[in-house]
Amino acid sequence: SANSALNHAKKMGRNTYQFFDKERHTLDPTELTKESALFKAITNNEFELYFQPKFDAQHNQLYGFEALVRWPQEDGSVINPDEFIPLAEQNGAIIPLTQLLMEQLLNQLAQWRKQNISFGNVAINISALHFQQSSLIETLIDNLAKFDVPAHCLELEITESAMMDNPEFAEQQMKRIKSIGVQIALDDFGTGHSSLSYLKRFPIDTLKIDKSFVKDIDKNDQDRNITATIVRLAKYLDINVVAEGVETEEQAYMLHIMGCHFQQGYYYCKPLKANQVSEFINDTLEKQQSS
Ligand code: C2E
Ligand code: MG
Ligand code: MG
Ligand code: MG
């Protein structure tokens, strides 16, 4: 349960304090305040998933979403993941947090299915620490069964570091994930240190080109060449490729010309609240039919 997972995280948290003690000799009081707020927010299940559309630029249609966590505050503001995910990864809270998010996600997908909303394929981000736990498999199997959602609707986004820390385990873990029917994407591709041979060896469905390459694709030859090379590599290995951080029409067009048809970014849509998703899907379908 989320509660026993939280106790586990607190235990890991305590171990982390000892680790910090040895490493830094001091404890940062603001970090500790933030940490206890984080544990409390997990206990109260305060986190909310937003959904950013992924587009197929070739067929001019939606093909899925990426779920992105937000931490809503009492004053109405929202804290973005970059401000708490690294801390949650350090103290182990990422594991009970992701278990809650997985449950929230599959509950949401089950509701959309009941309402006949075709959301396509939805990805959720999994931290390296969590990817390296065998319990991830049970979390997946339990939630897919509990909410009766077909596994092919779900994709896990992991980073190169999840793969490189322990390649033997990572390969086995990916095979277990694939045997359930869940898909795997390699996130922020090009920023880590993965070996190209692993792309061939591991059952990866999708490469997500990091937004740092996309940002200046229309101005910088190097970024354009790197991106084009990743697209060709993915095609060659028969892996899907998605560009993230697409903000302008020029970027979208250049990626499309390179053969990178799957795209995600503010140019298409910002991350949406769950209750905005069905309206968005309907609007997109209408636009398609009228074009
Ligand atoms: P990511 O998985 O690479 O997600 C893409 C990030 O780029 C998201 O930031 C998204 O809002 C942002 N983005 C999308 N389109 C654009 C664009 O056109 N321009 C720019 N500049 N940014 C764009 P976000 O939501 O703040 O998330 C940041 C990172 O936090 C994510 O990067 C992911 O690594 C992590 N994260 C988010 N949600 C979760 C989660 O549920 N679990 C875990 N473990 N990590 C998460
Ligand atoms: Mg991601
Ligand atoms: Mg990314
Ligand atoms: Mg990232």
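A charge sits over a ring if NZ of Lys or CZ of Arg is within 6 Å of the ring centre and within 35 degrees of the ring normal. With that in hand, hello everyone, and look at Tyr266: the charged end of Lys270 sits over its ring, 4.8 Å from the centre.

Before we go on, a word about the model. It is a predicted one, where local features need pLDDT of at least 70 and side-chain atom pairs count only at pLDDT 80 or more, while totals for chains, interfaces and linings use all residues. Residues are numbered from 1 along each chain as its sequence is written, chains are lettered from A and ligands numbered from 1 in the order in which they are written, and side-chain values use heavy atoms, with hydrogens and water left out.

Let's turn to the metals. Which residues hold the magnesium ion called ligand 2? They are Glu66 (OE), Asn125 (OD1), Glu157 (OE) and Asp187 (OD), at 2.0 to 2.2 Å. By donors I mean N, O and S atoms within 2.8 Å of the metal (3.2 Å for Na, K and Ca), and water is not among the atoms, so sites may look incomplete. Along the chain, the donors of the magnesium ion (ligand 2) follow the spacing E-x58-N-x31-E-x29-D. Glu157 lies in strand E5 (residues 154–159) and Asp187 in strand E6, so this pair ties together parts that are 30 residues apart in sequence. Helices (H or I, at least four residues) and strands (E, at least two) are DSSP runs, numbered from the N terminus.

What about the other magnesium ion, ligand 3? Asp187 belongs to strand E6 (residues 183–189), and Glu244 to the loop between strand E8 (240–243) and helix H12 (249–258), so to speak 57 residues apart. The two magnesium ions, ligand 3 and ligand 2, are 4.0 Å apart, and Asp187 coordinates both.

Buried means under 20% relative accessible area, exposed over 50%, and partly exposed in between (1.4 Å probe, protein chains only).

Asp187 comes back when we look at ligand 1. This ligand is surrounded by 23 residues, and the closest are Arg70, Asn125, Asp187, Glu247 and Tyr266; a residue is near a molecule or strand if one of its heavy atoms lies within 4 Å of it. An oxygen atom of ligand 1 is 2.8 Å from an N or O atom in the side chain of Asp187. For the side chain of Lys211, the distance from an oxygen atom of ligand 1 to an N or O atom is 3.1 Å. Tyr266 takes part through its backbone, with an N or O atom 2.8 Å from an oxygen atom of ligand 1. Taken alone, ligand 1 exposes 790 Å², and the protein buries 87% of that; accessible areas come from the Shrake-Rupley method with a 1.4 Å probe, and for residues only the protein chains shown count as cover.

Now for the aromatic rings. How many aromatic pairs does the structure hold? There are 10. Rings of Phe, Tyr and Trp (its six-membered ring) pair if their centres lie within 6.5 Å; planes under 30 degrees apart count as stacked, over 60 as edge-to-face and the rest as tilted. Phe55 and Tyr268 have ring centres 4.9 Å apart and planes at 20°, so the pair is stacked. Phe55 is in strand E1 (residues 48–56), and Tyr268 is 213 residues apart from it, in the loop between strand E9 (262–263) and strand E10 (272–273). Phe55 is buried, at 8%, whereas Tyr268 is partly exposed, at 22%. Together with Tyr267 and Phe280, these two form one aromatic cluster.

Tyr268 has a polar neighbour as well: its side chain makes a polar contact with the side chain of Gln263 (2.6 Å). A polar contact is a pair of N or O atoms within 3.5 Å; within protein, one must be able to donate a hydrogen and the other to accept it, and residues adjacent in sequence count only if both atoms are side-chain atoms. Gln263 is buried, with a relative accessible area of 0%.
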